[in-house]
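Have the 3D view handy as you read.

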Amino acid sequence: MLLRLVVSVLLFSMASFCQAGSDELKVGVLAFRGDEKAMHRWQETFDYLAKAIPGSRFRILPMSLSELDNAVVQQSIDFVITNPGQYVHIGSKYGMSWLATLKSRRHDEHREVIGSALVVKASSPYKELHDLKAKRLGAVDSLAFGGFQIYWGEMAKQGADPARYFSKIDFSHYPIDALIYWVRDTTVDGAIVPACLLEKMDEEGLIHISDYRVLELKQHDNFKCLHSSQLYPNWSFAKLRATPPLLAEKVAKALLSMSADSEAAKASASLGWTAPVSTYEIHQLYQLLNIHPWQEAWWQQAWRWVLVNWQWGAFFIVVIILGFVHHLWVQVLVKRRTHELHQQQQQLEHAQRVAILGELSSGLAHELNQPLAAINSYAEGGMIRLVKNQTENELLSLLEKISIEARRSGKIIQRIRGFAKRQQPEKQPTDIAQLINESLQLLQIELKKSDTNLELALEQEKIIINIDPVEIQQVLINLIRNSIEVMSGTAGFHQIIVEVRLSRNNEVIFRIIDNGPGISKSISAQNFMPFITTKKNGLGLGLSICKRIIEAHHGKIWLEDNPEGGCIVNFSLPEHHE
Amino acid sequence: MNKTLEVPVYIVDDDQSVRESLGYLLEGYDFKVYVFDNGDEFLKNTSVNGGPGCLILDSKMPGISGEEVHEKLNKIGSTFSVIFLTGHGDIPMAVTAFRNGANDFFQKPVSAAELITSIHKAQKKSIFLYQKYCNESLFDTLSEREKQLFFMVAEGRINKQISDKLCISLRTVEVHRAKMMEKLKAENITDLVKLYDSLFSEQ
């Protein structure tokens, strides 16, 4: 980095010194093994070109992949020496053109000399790609041609995706020698490097090639390096769109006429230059990898299709709009129906409450009769005493007794009205013990008539939860009446226990335990379905309404067999507040 | 004992205010009132043929029901008369009650006048029943021969006829007759006929 800075400052100062004649031509070169090596490799070539084209001066700018991309986009350079991958990647978008392709010295003029090698440490147990599955991999850069994309292509042909195949991919960026050291130090388990890197570093004495192995070896005639992939054309010399054609022509001529023995050719590890080769295979590779620069995003393709086939496009847009409108309309209908259904359910609940009261009416009338009878007796008893002039000292307590009895009948009427009154469900903090007692008051006569003993077992004196009291009362009355009715068919002692306790997660569990004949097996699965009943006169709505009410309170309701004979109906209500 | 007001009135009802208010009402009419909150309590604490009595019964009560109390009284052969006063009566219940010999059957609330009239009747009947019960007890103390004599005397036969019929001496007839009259606490022939009527003419 520091070196690159020094070099560019040096070059810059030199350029400003020699400002006199024609403009300096800038050449971007890919410095994949570091700036120094890049300068060393190409300096002779540009000295040669400067000599061959009178009045021209060249400045070499070693660059990384992204720096070179930027330079092309901004057109801040005149020529480029790079691998064909980058040429296709950026060049085809920004109007670059090949002038000449390098002839490889190492591989006897073989033109396809760029490939990838999958390198592992010689001492490692890995024998093939498969052994590296879910291991750590090193590579140069996601945009590097030999250092990643070529081997990616090999894997893609086998249907594998490196991003998922390996546990992790670390990118070293330039200079790429680092990758080999990573393999040596087992920072990574394997690395994708450009073919011939191992051989070059071995020749330079940096490593011993025998310490490493290349997996998935491929054979190509005249190609001397270990490699794991198909081969692609060698580096080429390209001009940018703005570079004057005449100048390009001169450069091309000079390059093509460079002798294989020249210093320039030797320094660049080549036998000189030849006519540019085809980039066909590279286009193919990029298409396979789905990263071709000309590839359009799906919406661009769709838009282009729409522009060409606008009638169809308009038709589809209309269909989509109609579909959307239809969707909205269906939503409105669903909402409306849901609301109606909800109202119907409430009406049904209310109707069932009224029906219960109807069935309880004779009992309720009796209950109402008691205080009325008492009032009558007190009143007539008072009258006879008045007639006999015996009442002066008793009158006050007598009237008090009458008043107490009148209030008692008022309470009964209130209870009935509260239960039958039409109302929207409304949750409020409710004392469970009080609610159960109110329910039992309504059922008092039923219990008496059927000779049923009802026991109340509250785990805690005061349990207050947020519920709709009328609805839960309806559930309690339904369930207790069910037990009473079921037991009335059997002889013997009739017992119902209403138990309330708290569960560990603060739910309030209600249990209505009877000693009746138990649950009929054929019905038990359908017990909460409407219109399923074992009663002669029942509609089968009771339990299904209970289920609906409990579920609307986010609770559960379930049946159990009483091990001592009979049935246990359980329901739970969430959220208990102290 | 002939004064009906002396005949005690028993009230059995599980509803406290009903039985207390009824008690209050009846005491206003100078009845001797006893209240019980269940049938067992009443049966345990009352001598049901130790004298006349009027029982006002509720039908549905926890434990033993009003109908069951009535049945038990009948089984014992009680001389009490029974009035049903129920909150939820119906025709079958009323029919059963009357078949079992109830005096009356009321639905709550009942007017004092009706109830008082009914209680008076019931008391009279109970007095009669008790009388009959006492007479039966007296009759049962007679020997077979005395019983034969009792029927003949009640039918109006004179001693001579009796001695002929039974083939015993006139003297023996006179001795038996005196003994029988003494056992039955009858002063004269009129008392004896009254006793006969109370025992046999009713049926």
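Let's start with a term: a contact means heavy atoms within 4.5 Å. Helices (H or I, at least four residues) and strands (E, at least two) are DSSP runs, numbered from the N terminus. Axes are lines fitted to C-alpha atoms, for helices over the stretch in contact, and angles run from 0 to 180 degrees between N-to-C directions.

This is a predicted model, where local features need pLDDT of at least 70, side-chain atom pairs count only at pLDDT 80 or more, and totals for chains, interfaces and linings use all residues. Residues are numbered from 1 along each chain as its sequence is written, chains are lettered from A and ligands numbered from 1 in the order in which they are written, and side-chain values use heavy atoms, leaving out hydrogens and water.

In chain A, five strands make an open, mixed sheet in the order β15-β17-β18-β20-β19. Its edges are β15 and β19 of chain A, each pairing on one side only; two strands pair if DSSP finds at least two bridges between them. From one strand to the next, the twist averages 15°. Strands β18 and β20 of chain A run antiparallel, joined by six bridges. One residue pair to look up is Ile512(A) with its bridge partner Val569(A) in β20(A).

| Helix | Residues | Touches or lies across | Angle |
|---|---|---|---|
| α18(A) | 542–552 | β19 and β20 of chain A | about 130° with β19(A) |

Now for chain B: it has nine helices and five strands.
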